[in-house]
Amino acid sequence: MTIQETARFRAWAPGRPVPVGSILSSLRRGGGDPCYRVQADGVVWRATRTIYGVDGPVLLRLESRPAEGVVRAHAWGPGADAALDAVPVLLGDGDDPRGFAPGPEHDRLVRALRARPHWRPCRTAAVFEALAAAALEQRVTGGEAHAAWRMLVTSFGELAPGPAGVRGTIAAGMRVPPTPQQWAAIPSWEWLRAGVEEARRRVVVAAASVAHRLERTVGLPGEEAARALRTVPGIGVWTAAEVRQRAHGDADAFSWNDLHVAKNVSWALVGTVLDDAGCAELVECYRGHRYRVQRLLELDGATRPRRAPRMTLPTHLPKVPR
């Protein structure tokens, strides 16, 4: 019996092209993410838990077959059936891009949409999972955050089901992120060993204590969900947006308070680097789709030119919600 024969399987016919790789790319926390792998042919593997672990861990394999008009999904583990049921929503089936039309004056955005006309925001419904990863990214470089995620998930997450336990397979060694209880139980010295200071550790632990409540925010409208997420100490505008982009599939959840996003977006749209206030005014015409604007430009590689040396991180980080 082959590995695929041991999996649960479904084929989804969406009636439109589904670029699995670009839709799910925001879920990847660096090239060494133990929860996410991509084959050379574009097949995506993802280890996760179904909503708040109700159905348990799952390893999901997603393959787009444009010629057949289907996405082929294989899943292993206790959460397999629930994960397969959620594949259409995961891949943006609940998103409504109607009404989004880049203005002709925003040529870079016009080209970005033309290059990826079928991109949709993903929707994992795994709120705490997205929040834990986003909290690790607060006020540090992407490389540092990804290294911390990799170390903590590898050390305290469990081996993913199915082929993750079979040596020599593409999924070998993949891990499922820890449960909220497991995150909260990580010893303080292990956080420090992963390069995570007390402020970020406290955010994850505080969120773990109310994870059930946070998972329910997937049913709330965007701004209401943001307010609910921000009731957790240490969760600010930026972290709430990062969660909404991935767990809620919110096409309007722009990453405000980010060191680069507003500057890159404004530069791509009008050739001028603007701060958050200036960029907010610029993208107001796209309200309802502001994250769509951000992500399409990111996928198109729209990054402002930098002439100054890269900023260094402060030794002592400010304790403000991000």
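**Helix packing, sheet order and cysteines in a predicted model**

The axes of helix H5 (residues 127-136) and helix H6 (residues 142-156) come within 8 Å and cross at roughly 130 degrees. Axes are lines fitted to C-alpha atoms, for helices over the stretch in contact, and angles run from 0 to 180 degrees between N-to-C directions. H5 and H6 are therefore oblique to each other. Angles under 35 degrees count as roughly parallel, over 145 as roughly antiparallel, 65 to 115 as roughly perpendicular and the rest as oblique. On the H5 side, the contact (heavy atoms within 4.5 Å) is made by Glu 129, Ala 133 and Leu 136. H6 contributes Ala 145, Ala 148, Trp 149 and Leu 152. These residues divide into six nonpolar, no polar and one charged. Here Ala, Val, Leu, Ile, Met, Phe, Trp, Tyr, Cys and Pro count as nonpolar, Asp, Glu, Lys and Arg as charged, and the others, Gly among them, as polar.

The model is predicted: local features need pLDDT of at least 70, side-chain atom pairs count only at pLDDT 80 or more, and totals for chains, interfaces and linings use all residues. Residues are numbered from 1 along each chain as its sequence is written, and side-chain values use heavy atoms, with hydrogens and water left out. Helices (H or I, at least four residues) and strands (E, at least two) are DSSP runs, numbered from the N terminus.

Helix H12 (237-248) has eleven of its twelve residues buried, so it is largely enclosed by the rest of the structure. Buried means under 20% relative accessible area, exposed over 50%, partly exposed in between (1.4 Å probe, protein chains only). Trp 238, Glu 242, Arg 244 and His 248 are among the buried residues of H12. The buried residues pack against H5, helix H11 (222-229) and H15. Gly 249 follows H12, with a positive phi near 65 degrees.

Helix H15 (residues 290-299) is mostly covered, with nine of its ten residues buried. Its buried residues include Arg 290, Arg 292 and Arg 295, along with Tyr 291 and Leu 299. The cover includes helix H1 (20-24), helix H4 (107-115), H12, helix H13 (261-270) and helix H14 (276-283). Gly 301 comes after H15 and has a positive phi, near 75 degrees.

Thr 124 lies in the loop between H4 and H5. This residue counts as buried, at 16% relative accessibility. Leaving aside residues up to four places away in sequence, Thr 124 touches Leu 27, Arg 46, Leu 90, Arg 246 and Ala 247. Both Arg 246 and Ala 247 are buried residues of H12.

Five strands form an open sheet in the order E1-E5-E4-E3-E2, with antiparallel pairing. Two strands pair if DSSP finds at least two bridges between them. Strand E1 (8-12) and strand E2 (36-38) stand at the edges, each with a single partner strand, so one side of each lacks a neighbour in the sheet. Neighbouring strands are turned by 20 degrees against each other on average, direction ignored. Five bridges join E1 to strand E5 (residues 70-76) in antiparallel fashion. In one of these, Phe 9 has His 74 of E5 as its bridge partner.

The structure holds zero disulfides (pairs of cysteine sulfur atoms within 2.5 Å). For Cys 35, the nearest cysteine sulfur is that of Cys 122, 14 Å away. Cys 35 is buried, with a relative accessible area of 5%. For Cys 285, the nearest cysteine sulfur belongs to Cys 279, 10 Å away. Cys 285 counts as exposed, at 55% relative accessibility.
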